[in-house]
Amino acid sequence: MNRKLWDFHGGIHPPENKAQSTREPIVRPPLPSRLVLPLQQHIGQSSQCLVKAGQKVLKGQLIAAPDGYVSLAMHAPTSGTVIDITSAPVPHPSGLTDRCIIIEPDGLDKWVPHSGISDYTRAEPERLLQIIRESGIAGLGGAGFPTSVKLNPSEEVTIRTLIINAVECEPYITADDMLMREHASEVIQGIMIIAHILKPESIQIGIEDNKSEAIESLKNAIATHDREQSIELVVIPTKYPSGGEKQLIQVLTGCEVPNGGIPADIGIVCQNVGTAAAVYRAIIKGEPLIYRVTTFTGEALGQPRNLEVLIGTPVNELLEFCDLNDSELNRLIMGGPMMGFSLLSDSVPVIKTTNCILASTEAEIPLPPPEQACIRCGMCETVCPASLLPQQLYWHAKSKDYDKAINHNLLDCIECGACTYVCPSNIPLVQYYRHAKGEIRMLEHEHTRSDHSRQRFEMRIKRLEQEAAAREEKKKARQQAAAKASAARNKASNNQGAKAAVIQAALERTRAKKTRLATDSKSSVNRAEPEPETKTVTGSDNRENT
Amino acid sequence: MALLKITSPHMSSAGKTGDVMLTVVLATLPGLALLTWFFGWGNLINIAWASLVAVSCEALVISIRQRSVMFYLTDYSALLTGVLIGLSLPSLAPWWLTLIATSFAIIFAKHLYGGMGQNPFNPAMVGYALVLIAFPVEMTSWLAPKSLPGNDQIPSFLQTLTAIFPFVGGEAVDAFTMATPLDTFKHKGEQLAAQLWASEPVLSPSSWLAWQSISAGYLLGGAYLLYKKVFTWHTPVALLVAMTIISGIFWLIDPDSYGSPLLHLLGGATMLGAFFIATDPVSSATSVKGRLYYGAAIGILVYIIRTWGNYPDAIAFAVLLMNFAAPFIDYYTQPRTYGHQISHQKTRSGQ
Amino acid sequence: MSILSAILILLALALVFGTILGFAAIRFKVEEDPIVDQIDNLMPQTQCGQCGYPGCRPYSEAIANGDAINKCPPGGEATIHALADLLGREFIPLDSESGEETPKTVAYIREDECIGCTKCIQACPVDAILGAAKQMHTVIIDECTGCDLCVEPCPVDCIDMLPVEVTAKDWYWEAPELPRVGIIATDRNPAGKPSASEGRAA
């Protein structure tokens, strides 16, 4: 193959450890005892729950609807009963809980009525997008961005290139590899459906050269499928993190996604192979996304292999199925060893973005040794795929000098972990960056909040002043009216010549005026002075105005 | 089963700071062996003594700072500083000279700036420069190499030990000392270069062989370090190329008064400097492009100081001068981040 | 004579440079926010009055007139640092008379117990409490600054200040714990005891 390939800066070659989990074909584990479905499995708004505890659901039935444009639908992975909608541990690095729908399977695995479109080429792209949205498909590569949103770029851009990410560059993970080996035809048809929606000029599948079997089966599938457009299978050199979206785009096209932009800005849309297969099932078979292929590997497992897992299956049941050696297990990682996060509970479920569960022993992935001083060796810089200066970011992040960190483009860090991997001083660089990014986000949030509070405070002061002024006006008007009336009365009484009555009226007037003035001055003082103590004392005075 | 909360990446490569330092120490061996072969035991004793002083000073300072002594000693950075000082000093440097250079390097140049990773200057070169300025006589008396015909005065181990530590009380020796090739060349006065090569014993083929071999030894060690990926090629190659070019230009213009590139590359501490001193990561520029500038500037500075300055060799001064400039170089050689258009404009406007 | 010419030259130079500087001052004038606005911008805007002033803006004005910068407990050390940077003053620890730096809280009204007196509504500096006379009140959590001012006026003590809960959406990694051996230049923290401020997420 003489196609020109580009290279991205840096990158590393960690031990692959992929052979362990590719010895067996993909297996479907037995139905779990219960399914835990977090309402947030993706980027965007949480889904909106549509079911109630005690409700019976069928396999593939919609149980949560997207709440907003960037959100996701969710379906029951099997038939059974919703037993609870509650907070449960979710797969998240924090180990926090979140709202989940919990379903107890009834063992019947009974489908809702569903049907696919036999000839998608005659369907409108809008219709296909609608089906993808209703099927709850999110990017299965790891980020979990709703696919229907990604396949619907803004009107202003034309998509020239569709890139299918089959790189799977992280060590240990073989889910995409096995999917391509066994279901290459589904993948290719899924790609063709996506191409039908996007109408790109070229379609490229990027795959690392360490997956020869998958390459072979993809080639066969491409050859057998009738199509209007050729799919180019591009074999790229194995290097981590060439499977990063931005890196893959650079390798295949030589273009860079502009800072702060998305691939669509340069006419490219990237999709994962697993997502393509899910699109195929949604369109052709009418099946929503309710299962995925997940790699179970690591030395703590007796039988490392790939499983076709129902979304929501608790990890511990699957580990059991893969013959977990409990005493050996030291670290449980969701995702790969470079970017995955450690799980704090083994009862969390597999979700739509879970491509791998790594159950490692201590010998396999030892604890990080204590951090030593940075010697500025620059190894981190030579491996950074984003061409950042990791050691500078480290100094700034550590000293909480976030302005400088932002100036050094901290926010362009993709957290691939290459810098930490090579650091001879065992500095957890990525953790520093993650913390700094979190702090920056938090500070920004607080700043907008405090601006908002200030606005509300100022509005309130203004409102109170206006109310006070309005009252003052009213009083003046009343006084004037009273003065006029009494003047008229005076005239009348003068005419009658009753002196005593005049004196009486004058006395009464002054008395009334005095009491009025007293209350007036009191309340106006209260309004000018927003001090809390005064306010509470005269609370009753204000109440009529609120 | 206790599950751990650890941030990714969970894997890490093998090379650790301590290993890196030990590899560098190991890579000095060919040069050291040749040095010992041609000049006797002096440098070996110096290195042992300097290392002992360096490690003791390090341990002392760390314990004063209430840190874990073993944790810091096992990064072997102090050992490396000691070895480099021992290699740079003349072979019969008296014990107190080494003591001053090494303790100053560790205590002042390293720990007063905050310790490992914080020092803006190369500690070994700070120590070396201090004694070079303060004790110029002791610093320029080198032994005549063993390969020089008629030189049967290479002192024995005990004699060397006595020369370095006079209180040991062994038999004193009146060793045959002479200037280094660069020194000789510098003070040639009106003599033509060719005459000098013909007349001076230190530039005679047999003596020149010694200097050449030692440089070759360091080159070999440097090649090993490059192979082990301890550092990238940028700094040493830029240094050597820049020096070759600038010395070549002047030599071609006037070969009678300027030294040949070969003299500059092999006649002094150039190879030691290029591979073992300038590559010290802590005090050098860090960006790839920056290291090219950094190395080239050292090469040119060394040549300038050697040719027109007061000192016959200039690795220490050139390296220290460029240490000053390293942050500046780094600032202007920031790589272009993926997806960004211009590299440092944003930083500049942001500051 | 030479003295005279020297003086003349110096005067001429002074004139020329003075003109250049004067011109530059006008030509390159940087429009800056008045200092009070800049200070106010760093304030947490809780309007809690713990500093002794009736709101963040009055305190900002007081700081601009020379008051201490360490009287804002909700802002805490971060705000004091920011103010010290802005004003070129020394960092000083939080004034304990004003209060202590506590985790962020928001007010919750135990709605069963609320009698609808509206006193908390009048006390709230950002209008974050909703309700009417003799009707149960509630706090708009998103608007609440956690200033505490509504707690005191409540005649039935039905307002609780509860810490803001961390959710998966706003959680982020804590900073790496410094190794027990400590590293550099922080000799205030002897070995084995990473300082509280460095060891935990700020």
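These questions and answers take up some terms used for this structure and the values behind them.

Author: This is a predicted model, in which local features need pLDDT of at least 70 and side-chain atom pairs count only at pLDDT 80 or more, while totals for chains, interfaces and linings use all residues. Residues are numbered from 1 along each chain as its sequence is written, and chains are lettered from A and ligands numbered from 1 in the order in which they are written.

Reader: What makes β14(A) mostly covered?

Author: A residue is buried if 20 or more other C-beta atoms, placed from the backbone, lie within 10 Å of its own, exposed if 12 or fewer, and partly exposed in between. In β14(A), residues 329-334, six of the six residues are buried. The strand itself is a DSSP run (E, at least two residues; helices are H or I, at least four), numbered from the N terminus.

Reader: How many bridges join β14(A) to β15(A)?

Author: Two bridges join them, in the antiparallel sense; the definition asks for at least two, so this is a pair. Met334(A) faces Phe341(A) of β15(A). Six residues lie between the strands of this hairpin, and Gly335(A) has a positive phi near 95 degrees.

Reader: What makes the set of 239 residues a nonpolar core?

Author: Such a core is a set of buried Ala, Val, Leu, Ile, Met, Phe, Trp, Tyr and Cys residues joined through C-beta atoms within 7 Å. The largest one has 239 residues, and Ile194(A), Val279(A), Met125(B), Ile298(B) and Val319(B) have the most contacts inside it. Helix α3(A), residues 175-198, gives the largest share, 14 residues. A second, separate core of 19 residues includes Cys48(C), Val106(C), Leu149(C) and Cys154(C).

Reader: Which residues is Val279(A) in contact with, beyond its neighbours within four places in sequence?

Author: Contact here requires that the C-beta atoms, placed from the backbone, lie within 7 Å. Ile132(A), Ile137(A), Thr147(A), Gly190(A), Ile193(A) and Ile194(A) are in contact with Val279(A).

Reader: Why are the buried residues of α2(C) said to be on the same side?

Author: In α2(C), residues 35-42, the buried residues include Ile39(C), Asp40(C) and Leu42(C). They cover an arc of only 160 degrees around the axis, which puts them on the same side of the helix. The arc is that of the directions from the helix axis to the C-beta atoms. The cover over the buried residues of α2(C) includes α3(C) and α4(C).

Reader: What is the class make-up of the side of domain 1 of chain B that touches domain 2 of chain B?

Author: The domain assignment, automatic or from a database, gives domain 1 (16-178) and domain 2 (224-332) of chain B. Their contact takes 20 residues from domain 1 and 16 residues from domain 2. Ala, Val, Leu, Ile, Met, Phe, Trp, Tyr, Cys and Pro count as nonpolar, Asp, Glu, Lys and Arg as charged, and the others, Gly among them, as polar. By that count, the domain 1 side has 13 nonpolar, seven polar and no charged residues. Its largest share, six residues, comes from α7(B).

Notes
Two residues are in contact if their C-beta atoms, placed from the backbone, lie within 7 Å.
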